[in-house]
Structure formats: C-alpha cells, structure tokens
Amino acid sequence: MEETSTGTGTGTGTDTDTESARIPQQRGEQLLDSAVRYAEERHWDVFPGAFLEADHGVERCSCGDTACPKPGAHPARPDWATQATGSAVAARRMWSKHPKASILLPTGRTFDAIDVSESAGFLALARMERMELTLGPVTRTPERRMLFFVLPGAGAKVPDLVRRLGWSPASVDLVTRGEGDYVAAPPTRVGGSGAVQWACRPTPANRWLPDAEELISPLAYACGREAADARDRRP
C-alpha cells in the first residue's frame, strides 16, 4: 500500500532525504533494524511485544489466546513500561533474542498520539495540507485507524480543545494515547490483516513534533463530520 503524500507543507519529505531513507520503509524491513533505528535516529523508547507464529497453517498470537484482540501487536509482559528503552544497543540486544517480536512504542514520553478513524484521518490530512501545517509522523493501522504523533501532554489538553471548537468529546471518535499506553510501529504486523504503515513517515523536517493544539482543529472537524454523517445515515 502506498504512502499518503500530503505535500511539502506537511513535512513528509522525499525519498532522496538521506536520513529519511534510513527510517524503516513500510513492509519488508527487518524488525531488529527498524527498532534500532527508532531508538538511534528518533530517540524513541521501544520495547518488544508479542509476535505471530504459525499454528497448523494459521497465524496466531504468541500469547496463546485464540481470541486475542491484537494478535502479534501487544505487550508480552506486564512490566513493559520498565522494559522500554531508548538505547539502540539495548534494542539490538532485545530483538536479537526475540527477532519476531512486534515493535511497540510507549506514549507519554517523547510523544503522545491522537488516534482517529482512517476516513477522518485522511480528511484531516487534506485540510492540514491546505492549512500548510507541519505534521509529525502519522501511522496507519490494519484496523483502519490513523495515529498522529504530537508532543507529550496532549491527553490533558485535547478534551477542552475539542469543546472549545464546539464538539462534545464523547460524540467524536478521537482518542489520545498518552502516559501508560503504547502504539505499534511499522513494520509490525497485526494478525492476518496486514502491517502498520507510515501515512506520513519520519523525516528530518518533522523531528520536532507539533503540539496537539496545532492539529486539533482539522482533526476535530474531520471526526465531527464523520459523526454527523453517521447520524444522517441512521434510519
């Protein structure tokens, strides 16, 4: 699946960027190399999660739960928060021991993530391009979600920001991932539905993340419009 291009204003970069070329490119790159690069080049904490393994021709989560809601893309141990590291050396050591482990990034440390539906995310990206906003990285998950990376502390701000824009936080599908939570990073695979990908990949241009306040207007608008459309479709 192709990356979403959002123009030069969003800071998505080009394939000729030396540094961005070293950032994991969608699928097919080794998990170990990807985890090391996130720690080394972006200074993100990383930790290895569960993974997919074959069971009589069917891929199942290594946790053993046949009804696992996030097969291959969740923490493998309860102390994952203390296991997370920003050391490239430690990341290499952990994935050398568990080469199939998913790559998980704790939120609330170097970044938070604003989590919206894929349809709202693409609408917001189009508005952000017109507004010439500079984005941080944005992931796109197989569950049809998009996560916008912003500065830490978004969780405390976002509900009030959404209210100021005239939306009820409970009425829009917009969730902030902050302290105590995590996100899966490319090229982590989630069950049989595919891999997490970059909608806007990390580049030198978006090394400095935006504040949630900078992105909340187009995100809240897109989520509010989606909620209104859903209400209109109801019989």
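Guide: Start with a definition: buried means under 20% relative accessible area, exposed means over 50%, and partly exposed is in between (1.4 Å probe, protein chains only). This is a predicted model, in which local features need pLDDT of at least 70 and side-chain atom pairs count only at pLDDT 80 or more, while totals for chains, interfaces and linings use all residues. Residues are numbered from 1 along each chain as its sequence is written, and side-chain values use heavy atoms, with hydrogens and water left out.

Visitor: Why is E118 called buried?

Guide: The relative accessible area of E118 is 8%. Buried means under 20%, so E118 is buried.

Visitor: What makes R144 and E118 a salt bridge?

Guide: A salt bridge is a side-chain nitrogen of Lys or Arg within 4 Å of a carboxyl oxygen of Asp or Glu. In R144 and E118 the closest N and O atoms are 3.0 Å apart, so the pair is a salt bridge. The two are 26 residues apart: R144 is in the loop between β6 (138-140) and β7, and E118 is in helix α5. Helices (H or I, at least four residues) and strands (E, at least two) are DSSP runs, numbered from the N terminus. R144 is exposed, with a relative accessible area of 55%.

Visitor: Which parts of the chain does the salt bridge of D115 and R177 link?

Guide: The closest N and O atoms of D115 and R177 are 2.9 Å apart. This pair links strand β5, which holds D115, with strand β8, which holds R177, 62 residues apart. D115 has 6% relative accessibility and counts as buried; R177, at 15%, counts as buried too. Salt bridges that share partners join D115, R145, D173, R177 and D181 into one network.

Visitor: Why are D79 and R77 called partly exposed?

Guide: D79 has a relative accessible area of 33%, and R77 has 39%. The whole structure has eleven salt bridges.

Visitor: How do you know that C63 is in no disulfide?

Guide: A disulfide is a covalent bond between the sulfur atoms of two cysteines. Here the test is a pair of cysteine sulfur atoms within 2.5 Å. For C63 the nearest cysteine sulfur, that of C61, is 3.5 Å away, so C63 is in no disulfide. The sulfur of C68 is 3.9 Å from the closest cysteine sulfur, in C61, which is too far for a bond. A search of the whole structure finds zero disulfides. C63 is partly exposed at 40% relative accessible area, whereas C68 is buried at 14%.

Visitor: What makes the span of α7 close to the one expected?

Guide: The expected span of a helix is 1.5 Å times one less than its number of residues. Helix α7 (residues 212-233) has 22 residues, and the expected span is 32 Å. From first C-alpha to last, α7 reaches 30 Å, which is close to that value.

Visitor: Where does α7 bend?

Guide: The bend at a residue is the angle between axes fitted to the seven residues ending there and the seven starting there. For α7 this angle is about 30 degrees at P218. P218 is also buried, as are L215 and L219, among others in α7.

Visitor: What makes D211 a cap for α7?

Guide: A side-chain oxygen of D211 lies 2.9 Å from the backbone nitrogen of E213, at the N-terminal end of α7. A polar contact is a pair of N or O atoms within 3.5 Å; within protein, one must be able to donate a hydrogen and the other to accept it, and residues adjacent in sequence count only if both atoms are side-chain atoms. D211 lies in the loop between β10 (197-200) and α7. At 15% relative accessibility, D211 counts as buried.

Visitor: Which residues does D211 touch?

Guide: Contact means heavy atoms within 4.5 Å. Not counting residues up to four places away in sequence, D211 touches V150, L151 and K157.
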